[in-house]
Amino acid sequence: MLNLDPYSCLGAALRDALDRWPNEICLIEADRDREKTRLTYSDFKEVALSLARALEDADFKAGDRAAIIMTNQSKWLMSAYAVFYRGGVLVPLDYKLTAAEHLQLLQHSQARFLIIEYHLWRAITQAPEFKNHMLKKVLVTEAPLRADLAGAYRWEEFRRKGDPSFVMRERQDTACIVYSSGTGGRPKGCVLTHENYLEQCKALTAWYPFWPGVRYLSILPTNHAIDFMVGFIGPFVCGACVVHLRTLRPEFVRDAFMRYKITYVSLVPMILKNLERGLRAKFEELSGGTRFLLQRMIALNKSLTRRRPKVGLSRKLLPQVHAGFGGELRAMFTGGAFMEPTTLQFFYDLGIPVANGYGLTEAGTSLTLNDLKPFRADTVGKPLPGVELRVLSPDADGIGEVAVRGKTVMSHYLDDPELTAQTIVNGWLITGDLGRFDGDGHLQLFGRKKNMIVTEGGKNIYPEDIETAFEGLPVKEYCIFAANYLWPAKTLGREMLILLLRLEQNQEFSEGLKEEIVTRNRRLPDFKRVGGFLIFSNDFPRTASMKIKRDALAEEVRKKLDRAAVVEL
Amino acid sequence: MTAPDETLEQILNLAANHFKVPREKLTPDEDFFKTLGIDSLQALDLLTRLEHHFRVELPDYELQGVSDFRTLANRIQTRL
């Protein structure tokens, strides 16, 4: 891999990577079982630089912000490289947000350039808020021939001949603005520097190296910190290959492992559980004798890999299982949401280590990761090189709030000095997560201090962001909380959002009101829905400006009610 | 071309069969994630089955935000 120490920015590191491995395959893109694109680093460079030149001619300058709203695909990475080449700041947005949310974050980030897939652009142009947009230039990918692009340009035609000029950036300059939340309330735009990414990349590849020939299956959205690092920057600075799938259908994901002989993949718990379910079902279908033999081999593999993984040995002991994953899989990564230890252990016993980790957008991709020396299913691993972690005010069990310091911690929240000051205190980022270090230096997580949930699909959901969905509900007042925030549980899992209702005087809770709640809840994407409601008998405490004092309200709820009072929806 | 009501009925039957639940448990407007107790990946699995049945191809994003059979049937109907 490239030695990243001398580099001051991602653009320069990527530029050298493209020159160093011109003939290696860097990208494969498949739609279901049809391969659409296969590019060498040299091919990638040719397309990306003609785009960079067109951006330059469109007056795209150092520090200009360009947003990308796309599903995982080769054009995402080519566009990002073109932006970095021109010294720009990337604003990767979640393609699953609504058009109104996209417009809100485009506004907040002050992105003037936008690169977006056609179906998402169409939705944005139909949103009422579209008329207020401040975009200067929009590039739309894969637009049908006669589509009305509402003033946008076709990405595929936005090209200029001639060498673009490369714009160097300093390590402390902003590389990306990544939103960790805030679509409904206070936008949290994490300002991440080139140094944050270069240092994170160095730390991660020290433990899990990539090299030419390695194939990484990119399933998590590239706008997400994990895939941006291990599905783009990491593989590229090592000459490896990224495989994109345009669908997340489980059958095609399974097929991709075999078809492309995948080396690494990052998965959210939901996908990992889906794979586990599929494997267990297959094992159940085996005849009694074959199943017995398989179980014996799994037990043997388990005992021989107790101290560390032995991939070669496991492939020999359990050839059918490994063949089903393409035969080259070395590890799967997971993190963000709660992962059941039994699932992690299930895969490890088959000789497929799942490296569980912990991170947050505010501090780069990953703070801790399982180093597999030995594998531990019950922790989120050890701090990566260069990451300092502390547990603040530990209780009698050693559990306290986790704080982090290091070169991967973001610079600040965009345009929010107050929130930045609350979050980064004396150089330490206060994570809002509760944890404890065990005797071996592994971090164990025990829930959250902050009012949010992480879904099985790896999405961070903040209650404030979805409260607008219940605006106008015929009650006196309402508020949404994470259940584990109201009633702290020293465990992860069982995460759900709760709608707290204060009824009008003499108002009875009616079936009609319940119906209204259900209807509004269903307008939210499934992963953002509240799981239950709770009726509270006091007025909500409010500030002078009539904002709900959430902490004080949570305290009151905690005193009066317990979790059993929640009515599930 | 299949009539919209017929498309919906066929989807309900296929879903009941796919997830091994009694057909009468499924209604067009209820949240199928909740009724069937499935996650979004299992819903994508069902979509694949429906594609085979109706011989259409729907990108994943067509299912985004869809959680009831009637909307799903409408999306499929436009491609028939």
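Helix 6 of chain A covers residues 194-207. The model is predicted. At 1.5 Å a residue, these 14 residues should span 20 Å. The end C-alpha atoms of helix 6 are 21 Å apart, which agrees.

Is helix 6 of chain A largely enclosed or largely open? Of its 14 residues, 12 are buried, so the rest of the structure largely encloses this helix. A residue counts as buried here if 20 or more other C-beta atoms lie within 10 Å of its own. The buried residues include H194(A), E195(A), N196(A) and Y197(A).

What covers them? Among the covering elements of chain A are helix 1 (10-20) and helix 7 (225-236). Strand 8 (174-181), strand 9 (188-193) and strand 17 (387-392) of chain A also take part.

**Contact between the chains**

Chain A puts 15 residues into its contact with chain B, and chain B puts in 13 residues. On the chain A side, helix 8 (250-260) and helix 9 (269-285) each supply at least two residues. Helix 9 of chain A gives the most, with 3 residues. The chain A side divides into 5 nonpolar, 4 polar and 6 charged residues.

**Helix packing in chain B**

Two packed helices are described by the angle between their axes and the distance between the axes. Helix 1 of chain B (residues 4-18) packs against helix 4 (residues 69-77) and against helix 3 (residues 40-54).

| Pair in chain B | Axis angle | Axis distance |
|---|---|---|
| Helix 1 and helix 4 | roughly 120° | within 9 Å |
| Helix 1 and helix 3 | about 130° | 10 Å |

Angles from 65 to 115 degrees count as roughly perpendicular and those over 145 as roughly antiparallel. Helix 1 and helix 4 of chain B are therefore oblique to each other. Helix 1 and helix 3 of chain B are therefore oblique too. Helix 1 passes helix 4 in a right-handed crossing, and its crossing with helix 3 is right-handed.

Which residues of helix 1 of chain B meet helix 4? They are P4(B), T7(B), L8(B), I11(B), L12(B) and A15(B). Their partners in helix 4 are F69(B), R70(B), L72(B), A73(B), I76(B) and Q77(B). This contact divides into 9 nonpolar, 2 polar and 1 charged residues.

Toward helix 3, helix 1 of chain B presents Q10(B), I11(B), L14(B), A15(B) and H18(B). These meet L46(B), R49(B), L50(B) and H53(B).

Notes. Residues are numbered from 1 along each chain as its sequence is written. Chains are lettered from A and ligands numbered from 1 in the order in which they are written. This is a predicted model: local features need pLDDT of at least 70, side-chain atom pairs count only at pLDDT 80 or more; totals for chains, interfaces and linings use all residues. Helices (H or I, at least four residues) and strands (E, at least two) are DSSP runs, numbered from the N terminus. The expected span of a helix is 1.5 Å times one less than its number of residues. Two residues are in contact if their C-beta atoms, placed from the backbone, lie within 7 Å. Axes are lines fitted to C-alpha atoms, for helices over the stretch in contact, and angles run from 0 to 180 degrees between N-to-C directions. Angles under 35 degrees count as roughly parallel, over 145 as roughly antiparallel, 65 to 115 as roughly perpendicular and the rest as oblique. A crossing is left-handed if the near helix is turned anticlockwise from the far one by less than a right angle, and right-handed if clockwise. Ala, Val, Leu, Ile, Met, Phe, Trp, Tyr, Cys and Pro count as nonpolar, Asp, Glu, Lys and Arg as charged, and the others, Gly among them, as polar.
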